[in-house]
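User: Please examine the model shown below and answer some questions about its fold.

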Amino acid sequence: PFDVRIASTGATYTVPPGRSVVQVLQEQGVDVPVSCEQGICGTCLTRVLEGIPEHRDLYQTEEEQAANDHFTPCCSRAKSPLLVLDL
Ligand code: FES
């Protein structure tokens, strides 16, 4: 599991194994636009302010992934215990 924090509200949520960041946020009423939910379209691309994503998308280039400043919350996860998202 890892935590995601919404920068605008400071609210922090735990993402358990088997659930996506988008699923957890939607349950909490935090709306993230999604389309493919498979890491292909980039609709859900979200800015990461702190923490290191574990990229599982095919949308960003290798260079973009390596920058670790955006990730796709429909399918990607975290390498660090906490991600702070620009939401
Ligand atoms: Fe398509 Fe996340 S919804 S990449």
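User: In what order do the elements of the chain run from the N terminus on?

Analyst: The chain of this predicted model holds two helices and seven strands. Read from the N terminus on, these elements run β-β-α-β-β-α-β-β-β.

User: What radius of gyration does the chain have, and with what value for a compact globule does it agree?

Analyst: The C-alpha atoms fill a box of roughly 30 × 25 × 25 Å along the principal axes. Because the chain has 87 residues, a compact globule would have a radius of gyration near 12 Å. The chain agrees with that value, having a radius of gyration of 11 Å.

User: Which strands stand at the edges of the open sheet?

Analyst: Five strands form this open sheet, with mixed pairing, in the order S2-S1-S7-S3-S5. Each edge strand has a single partner strand, so one side of it is left without a neighbour in the sheet. The edge strands are S2 (12-15) and S5 (70-71).

User: Which residue in S7 is the bridge partner of glutamate 50?

Analyst: Strands of a sheet pair through backbone hydrogen bonds, either parallel or antiparallel. S3 and S7 pair in the antiparallel sense, over two bridges. In S7, the bridge partner of glutamate 50 is valine 84.

User: Which element gives the most to the largest nonpolar core?

Analyst: The largest nonpolar core has twelve residues, among them Val4, Val22, Cys44, Phe71, Cys74 and Leu85. At least two residues of this core come from each of H1 and strand S7 (82-85). With three residues, the element that gives the most is H1.

User: Is glycine 39 buried, exposed or partly exposed?

Analyst: Glycine 39 is found in the loop between helix H1 (21-27) and strand S3 (46-50). A residue counts as buried with 20 or more other C-beta atoms within 10 Å, and as exposed with 12 or fewer. Glycine 39 has 18 such atoms within 10 Å, so its class is partly exposed.

User: Which cysteine of the largest nonpolar core touches Gly39?

Analyst: Not counting residues up to four places away in sequence, the residues that glycine 39 touches include Arg56, Tyr59, Cys74 and Cys75. Cys74 and Cys75 both belong to the largest nonpolar core. By the same exclusion, Ser20, Val22, Val34, Glu37, Gly39 and Cys44 are touched by cysteine 74.

User: What percentage of the residues in the chain is buried?

Analyst: The chain has 87 residues. Buried residues make up 24%.

Definitions and conventions:
Residues numbered from 1 in each chain as written. Predicted model: local features only at pLDDT ≥ 70, side-chain atom pairs only at ≥ 80, totals over all residues. Helix = DSSP H or I, 4+ residues; strand = E, 2+ residues; numbered from the N terminus. Rg over C-alpha atoms; globule rule 2.2 N^0.38 Å. Contact = placed C-beta atoms within 7 Å. Core = buried A, V, L, I, M, F, W, Y, C linked by C-beta atoms within 7 Å. Pairing = 2+ DSSP bridges.
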